[in-house]
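Here is a briefing on one protein model. It is grouped by topic.

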Amino acid sequence: MENALNMDTVRLSEDKKSIVIVDQTLLPNECKYLSIRTAGEIWEAIYMLRVRGAPAIGVTGGFAYYLLADQLQTEDKAEFVKECIKNMEYINSSRPTAVNLSWALNRMHSLMLSRIEQLSIPEMKRLLLEESEAIRQEDIQICRSIGEHGFRLLEQLGKGVGIMTHCNAGSLATSKYGTALSPMYIALEHGWDGKKDMHVYCDETRPLLQGARLSAYEMQSAGIDTYVQCDNMASYTMKNKKVGIIFVGCDRVAANGDFANKIGTSGVAILARHYGIPFYVCAPSSTIDMTLHSGDEIRIEQRKPEEVTEMWYEKRMAPEGVGVVNPAFDVTDHSLVTGIITEKGIATAPFKEAFEKMGILPVTKYVDK
Ligand code: MRU
C-alpha cells in the first residue's frame, strides 16, 4: 500500500506543458496519474473530483492559469489579457464553493495585470510559471505549519487520543500533508507510534465517500490505527468516549468564522458541542474569505442526483422519479467552532478580530465577485 504522503497530488509535468494529477476517483483501488492540458480537460478533472480538496483545486487553478496563458499564440497584449480573463472565468466555473480556486486565479491575474506593461509576452509566461510553482510550494509549507499547530493540541490531550475527521482534508486534498490530517502526519514525525498513540475515526462521507476512500487510505497507508464509520455512527463513537478531538478541513470561511465544508460537517459540529468535544477547523489563510460577512453568503454547490441514488450501488437504490437533495457542502455556525487552525496560528472567537490580527485581509476579486 503506497503511502499517500509520497504521491504528488498535483504538479506540473517536467516539460511544464501539462498538469499531472492523481486521479482520485480511482483511489483506493488504483493509483493512476493523469496528464491534463486543455481548458476542457482541466475543467472536467475539477468538476469530476479527479483533483479535489480546496487547496489542491487552488493549486490546479494556478497551474491552469499559467498553462492556458502559455498556450496563447498572440503577441498582442490586449488580446493576451482578454484570453486570460476568458480562461480564468471558465476554470472558475468548474466548482463554486472552495474559495481557493478563485483565490489562486485572482492571484495569478493580479500579478499578470501588474506587470503586463513592462514585460514581453514570453517574459510574462515565465513569470506566471514561477508564480504557479510558488503557490504549490507555499501550500506545502502552510500545511506543515497547520500540522504543527494541530499536533500541539494532540500533545495536550496526550498519547492514545482518538481523533475524528469528516471528508478528506489530507495530503490528497492539498499539495502535501493536508490540513485536518496534517497533525497526525506531524505526530509521526515527532516519534508518535501510529498504532498506539492515536486512533483516527474517518466518517465515510456520503455520497462520494471521500472519508472511506481517501482519508482512511491516507491514515492507514501512513501506519496509523484507522477506523471507517458511516456518517450516522459519529454520535455513537463520540458518546462512547472514543473521540478526544475533531479536526475538519474547510472550503471557505466567512469573516465571522462560519465555514463551508463537506456536507455533514455541521452535524458533526452539533454533536461535538453536545458531547463537549473540541471541534477544530483547519484552514490555510487563503481559505478565509474576508469579503463575506457570514456563511449565508457562501454559494453551495449542488450536484447530480445520481450520486445519491445510484453511485457505488449495483443497482439503483431509490425509487425512480423520487426527489433528491444533494448539496456538496454545508455551513457550520461559528458558535460551534473551538478554533480555526491556520498556518499563522489558532484563531478563536471573535474570529473577525482574530483574523485581522493575523493580517488576513479582503483580497481583490476579478472572478467570484
Ligand atoms: O468535494 P470535495 O471532495 O472537494 O470536498 C473537500 C472538502 O470538503 C475538504 O474538507 C475541504 O476542501 C478541505 S481540503 C484541505
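E310 counts as partly exposed, because its relative accessibility is 33%, between the 20% and 50% cut-offs. Its salt-bridge partner is R316, with the closest N and O atoms 2.8 Å apart. R316 is partly exposed too, at a relative accessible area of 25%. The model is a predicted one.

**Salt bridges**

- Side chains of opposite charge can pair when their charged atoms come close.
- The search of the whole structure returns 24 salt bridges.
- E301 sits in the loop between β11 (288-289) and α10 (306-309), and R95 in the loop between α3 (77-92) and α4, so this pair ties together parts that are 206 residues apart in sequence.
- In the E301 and R95 salt bridge, the closest N and O atoms are 2.9 Å apart.
- E301 counts as buried because its relative accessibility is 4%, under the 20% cut-off.
- R95 has 6% relative accessibility, so R95 counts as buried as well.
- E301 also forms a salt bridge with R303, where the closest N and O atoms are 2.6 Å apart.
- Both E301 and R303 are buried.
- A network of salt bridges links R95, E301, R303 and E307.

**Domains and their interface**

- The chain divides into domain 1, residues 4-139, and domain 2, residues 148-357.
- Domain 1 gives 27 residues to the contact, and domain 2 gives 33 residues.
- The C-alpha centres of the two domains, domain 1 and domain 2, lie 26 Å apart.
- The size of an interface is often given as the accessible area lost when the parts come together.
- Between domain 1 and domain 2, the buried area is about 2800 Å². Carbon and sulfur atoms give 53% of that area.
- On the domain 1 side, L5, R52 and T97 lose the most area to domain 2. Together they account for 25% of what that side buries.
- How many salt bridges does the rule find across the interface of domain 1 and domain 2? It finds 1 salt bridge there.
- Residue pairs in polar contact between domain 1 and domain 2 number 18, with both residues at pLDDT 80 or more.
- Which elements give two or more residues to the side of domain 1 that touches domain 2? They are α2 (54-70), α4 (99-115) and α5 (121-157).
- The residues on that side of domain 1 divide into 16 nonpolar, 7 polar and 4 charged.

- The buried residues of α1 are A39, I42, A45, I46 and Y47.
- What do the buried residues of α1 pack against? They pack against strands β2 (19-22) and β3 (33-36), and against helices α2, α3 and α4.
- An α-helix has 3.6 residues a turn, so residues three or four places apart point the same way.
- R50 is placed in the loop between α1 (39-47) and α2.
- Is R50 buried or exposed? R50 counts as buried, because its relative accessibility is 18% and the cut-off is under 20%.
- The side chain of R50 makes a polar contact with the side chain of E44, at 2.9 Å.
- Leaving out residues up to four places away in sequence, R50 touches I21, V22, D23, Q24, T25, L34, E44 and A45.

**F63 in helix α2**

- F63 belongs to helix α2.
- Its relative accessible area is 0%, so F63 is buried.
- Leaving out residues up to four places away in sequence, F63 touches V10, R11, L12, I19, S132, E133 and R136.
- F63 and Y280 are 217 residues apart in sequence. In space they are 30 Å apart, C-alpha to C-alpha.

Key. Residues are numbered from 1 along each chain as its sequence is written. This is a predicted model: local features need pLDDT of at least 70, side-chain atom pairs count only at pLDDT 80 or more; totals for chains, interfaces and linings use all residues. Side-chain values use heavy atoms; hydrogens and water are left out. Domain bounds come from an automatic or database domain assignment. Contact means heavy atoms within 4.5 Å. Buried area is the accessible area (1.4 Å probe) that two parts lose on being put together, summed over both. A salt bridge is a side-chain nitrogen of Lys or Arg within 4 Å of a carboxyl oxygen of Asp or Glu. A polar contact is a pair of N or O atoms within 3.5 Å; within protein, one must be able to donate a hydrogen and the other to accept it, and residues adjacent in sequence count only if both atoms are side-chain atoms. Helices (H or I, at least four residues) and strands (E, at least two) are DSSP runs, numbered from the N terminus. Ala, Val, Leu, Ile, Met, Phe, Trp, Tyr, Cys and Pro count as nonpolar, Asp, Glu, Lys and Arg as charged, and the others, Gly among them, as polar. Buried means under 20% relative accessible area, exposed over 50%, partly exposed in between (1.4 Å probe, protein chains only).
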